[in-house]
Every structure is written in C-alpha cells, then in structure tokens.
Amino acid sequence: MYVGALTLDVLLGDVHSLKQKRSLVRPILSELRRKFSVAVSEVGDQDLYRRAKIGVAVVAPSAAHTRDQMDSCECFVADRPELELLSARQRLFNEEEEDDG
C-alpha cells in the first residue's frame, strides 16, 4: 500500500473577499474528489483571500499508480483558468516506513 500526499499552493485570480475565495475553491475540491476519488481539503492560507493551499491524499496499491493520481490532480488544478499554480509538492509513503510507536 502506498500513500501519496500532494500539496498545491495556488494564487487565485480576481478575488476580493473570503466569500469569493470559497466560491472558487470549493468547486475545485469537489471536482478533485469526484473525478479522482481522492481525499482533498484546503489546508492552509485560509485567512488570505487570494491564496489557497490545497492538500490531496491518495491511497493506491502501487507507487506508480499513486504518482499518476497525484500528477493528474496537479495537472487538473494547473489547467484551471481562474487560478495560477505557484508550487506543488509530492510525497510518497509506503507501509515499510511505519513508525515503531
């Protein structure tokens, strides 16, 4: 079993309030969940109205499948015209890396 963690730092376009930010970010989160069957949440920069940090978690049987899912999620967000993807960080964990306690 492999677990992938993807963190996306995005700059939102013409947004002037937290309410407008939510109206842009929530549909993206919902679409990521629906389209890629991943767990996703806004994980940072909640108090900034033009920035968002999105966290995506992927669980898959192989490292290749996990990476493919994270790459697909990253491309999906990068292709959105209403925002700019500033950075993306991928991390991969497997069950051999368990903590001892």
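**Exercise 1. List the residues that Asp 9 touches, leaving out those up to four places away in sequence.**

Solution. This is a predicted model. Asp 9 touches Asp 45, Arg 51, Ala 52, Lys 53, Glu 84, Leu 85, Leu 86 and Ser 87. Now pick out a polar partner. The side chains of Asp 9 and Arg 51 make a polar contact at 2.6 Å.

**Exercise 2. Decide whether Asp 9 is buried or exposed.**

Solution. Take the relative accessible area of Asp 9, which is 11%. The cut-off for buried is under 20%. Asp 9 is therefore buried.

**Exercise 3. Find the aromatic pair in the whole structure and classify its geometry.**

Solution. The search returns one pair. Its members are Phe 36 and Phe 76, with 5.9 Å between centres and 70° between planes. Planes over 60 degrees apart count as edge-to-face, so the pair of Phe 36 and Phe 76 is edge-to-face. Phe 36 belongs to helix α1 (residues 18-36) and Phe 76 to helix α2 (residues 63-78), 40 residues apart. Both Phe 36 and Phe 76 are buried.

**Exercise 4. Check the span of α2, then work out how its buried residues are arranged.**

Solution. Start with the length. At 1.5 Å a residue, the 16 residues of α2 should span 22 Å. The end C-alpha atoms are 22 Å apart, so the values agree. Now list the buried residues of α2: Ala 63, Thr 66, Gln 69, Met 70, Cys 73, Phe 76 and Val 77. Viewed down the axis of α2, they fall within an arc of 160°, so they line one face of the helix. Finally, name the partners. The buried residues of α2 pack against β1, α1, β3 (51-60) and β4 (83-94).

Terms used:
Residues numbered from 1 in each chain as written. Predicted model: local features only at pLDDT ≥ 70, side-chain atom pairs only at ≥ 80, totals over all residues. Heavy atoms only, no water. Buried < 20%, exposed > 50% of the residue type's maximum accessible area, 1.4 Å probe, protein only. Polar contact = N/O pair within 3.5 Å; in protein donor to acceptor, adjacent residues only side chain to side chain. Contact = heavy atoms within 4.5 Å. Phe/Tyr/Trp six-rings, centres within 6.5 Å; stacked < 30°, edge-to-face > 60°. Helix = DSSP H or I, 4+ residues; strand = E, 2+ residues; numbered from the N terminus. Expected span 1.5 Å × (residues − 1). Arc of directions from axis to C-beta.
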